[in-house]
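This report looks at ring pairs, a helix packing and a pocket. Please keep the sequence and the 3D view at hand while reading.

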Amino acid sequence: MYKEQKKLEALEKIKQENFALFRSVAAYLNEFPCLINKEIMSEIVEGVSENEELSYTLFLATALSQDDDEAKLFEKEYFKKSVKKLNADEYKSNPYFKNISIPRKKVGTWELGYQSYQPYEGFIYDDIEVLDNFREIPKIGFFSEEFSFPTVFEDGVEWMAIKPNEIETMKPHIEKMSGDVCVFGLGIGYFAYMVSEKSDVLSVTVVERDSSVINLFEKYILPQFPSKDKIKIVKGDAFDFAKKKMPELKFDCAFVDLWHDVSDGVDLYIKMKKLESKSPSTEFYYWIEKSILSNIRWHIFEGLQKRIESGEFNEPFENIKKYISDNYLKNFVKFL
């Protein structure tokens with residue numbers, strides 16, 4: 001038996017609790033995100049608006065759990081750290097949201113338009129938070145009023161939108177951009193706009209493979225950018241560009257946003273990570289990287305468990321924690 005079996009079992013328990021929570025949250029967001037509405041909220045807060053966040057948390061924990069014990073677990077270990085009432089005015093004051101007008105236009109399979117969150121509708125507003133014990137916290141937000149936001153659709157399906165999730169998940173990466181910047185993936189130009197407005201950013205090269213997306217952007221959105229002269233659009237495949245052209249251009253920073261979510265992001269993330277070595281002077285950053293690493297983490301952990309069971313692995317538990325940590329995985333995936 002593994003010499004630190006109890007610690008291994010405790011980590012396995014947290015993994016299973018993470019999975020149970022994420023399954024429930026995914027079902028909630030995909031099937032009934034408006035489970036909580038104005039009428040329900042007015043009943044459970046008893047007229048005290050300051051109780052909205054706490055009431056939302058308790059209601060959600062009960063609604064998404066299978067029994068009282070799971071409800072207590074969800075509420076204490078996840079939703080207390082997860083659920084947040086968001087301020088619509090803060091997002092409406094975002095520079096892109098405030099200054100860029102998005103028309104309703106369509107080119108090919110791509111379309112510019114709008115969507116809305118209803119009052120108290122639940123949604124993911126940021127990347128996950130990973131605690132020291134590897135408990136993973138999904139960030140669930142809601143507004144107390146309807147919130148409309150511009151969206152780009154591909155074949156009627158949302159591809160990118162200027163909503164809290166994109167604003168929050170891109171914020172830390174925007175802060176780190178400087179010098180000559182390469183952006184993989186155009187969308188409706190949110191990242192390019194925010195970065196181009198930084199005084200310490202000299203140029204922004206955006207690599208996008210779809211000519212319809214480029215046409216929509218260049219015709220209706222780019223002319224509104226105050227610093228549009230900083231921006232260059234390159235039509236082409238991201239990986240071909242990273243492999244053949246990027247090394248000689250010596251960008252200071254690169255931001256990679258080529259996926260819709262984790263389901264299509266893991267393989268693309270690993271593929272780009274393997275190309276980082278071709279541009280050693282460039283610092284790479286990745287959209288929703290924590291969520292992608294979570295998917296990889298538990299596959300690695302399951303592999304380690306099998307090696308432990310077969311007697312091939314008997315390293316200290318601290319090494320297991322190191323091997324599944326974000327910092328270790330960021331480098332390890334380059335060799336997968």
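Rings of Phe, Tyr and Trp (its six-membered ring) count as a pair if their centres lie within 6.5 Å. The model is predicted, and the structure holds 30 such aromatic pairs. One of them joins W259 and Y269: the ring centres are 6.5 Å apart and the planes stand at 80 degrees, so the pair is edge-to-face. Planes over 60 degrees apart are what that label requires. W259 sits in the loop between strand 11 (253-256) and helix 12, while Y269 belongs to helix 12, 10 residues apart.

Two packed helices are described by the angle between their axes and the distance between the axes. For helix 1 and helix 13 the angle is about 145 degrees, and the axes are 12 Å apart. Their crossing is left-handed. The table gives the residues on each side of the contact.

| Helix | Residues in the contact |
|---|---|
| Helix 1 | L8, L11, E12, K15, N18, F19 |
| Helix 13 | W298, F301, E302, Q305, I308 |

By class, this contact between helix 1 and helix 13 has 6 nonpolar, 2 polar and 3 charged residues.

Both helices also take part in the largest pocket, where each supplies at least two residues of the lining. Helix 1 gives the most, with 7 residues. The pocket holds about 1,300 Å³ of space. Its lining is made of 40 residues, and L29, N30, I124, D261 and V262 lie nearest the centre. Sorted by class, the lining has 18 nonpolar, 12 polar and 10 charged residues.

Methods: Residues numbered from 1 in each chain as written. Predicted model: local features only at pLDDT ≥ 70, side-chain atom pairs only at ≥ 80, totals over all residues. Heavy atoms only, no water. 1 Å grid on protein atoms, 1.4 Å probe; cavity = no way out; pocket = protein on both sides within 12 Å on 5 of 7 lines; lining within 4 Å. Points joined across faces, edges and corners; volume = space filled by probe spheres on them. Helix = DSSP H or I, 4+ residues; strand = E, 2+ residues; numbered from the N terminus. Nonpolar A, V, L, I, M, F, W, Y, C, P; charged D, E, K, R; others polar. Axes fitted to C-alpha atoms, helices over the stretch in contact; angles between N-to-C directions. Left-handed = near helix turned anticlockwise from the far one by under 90°. Contact = heavy atoms within 4.5 Å.
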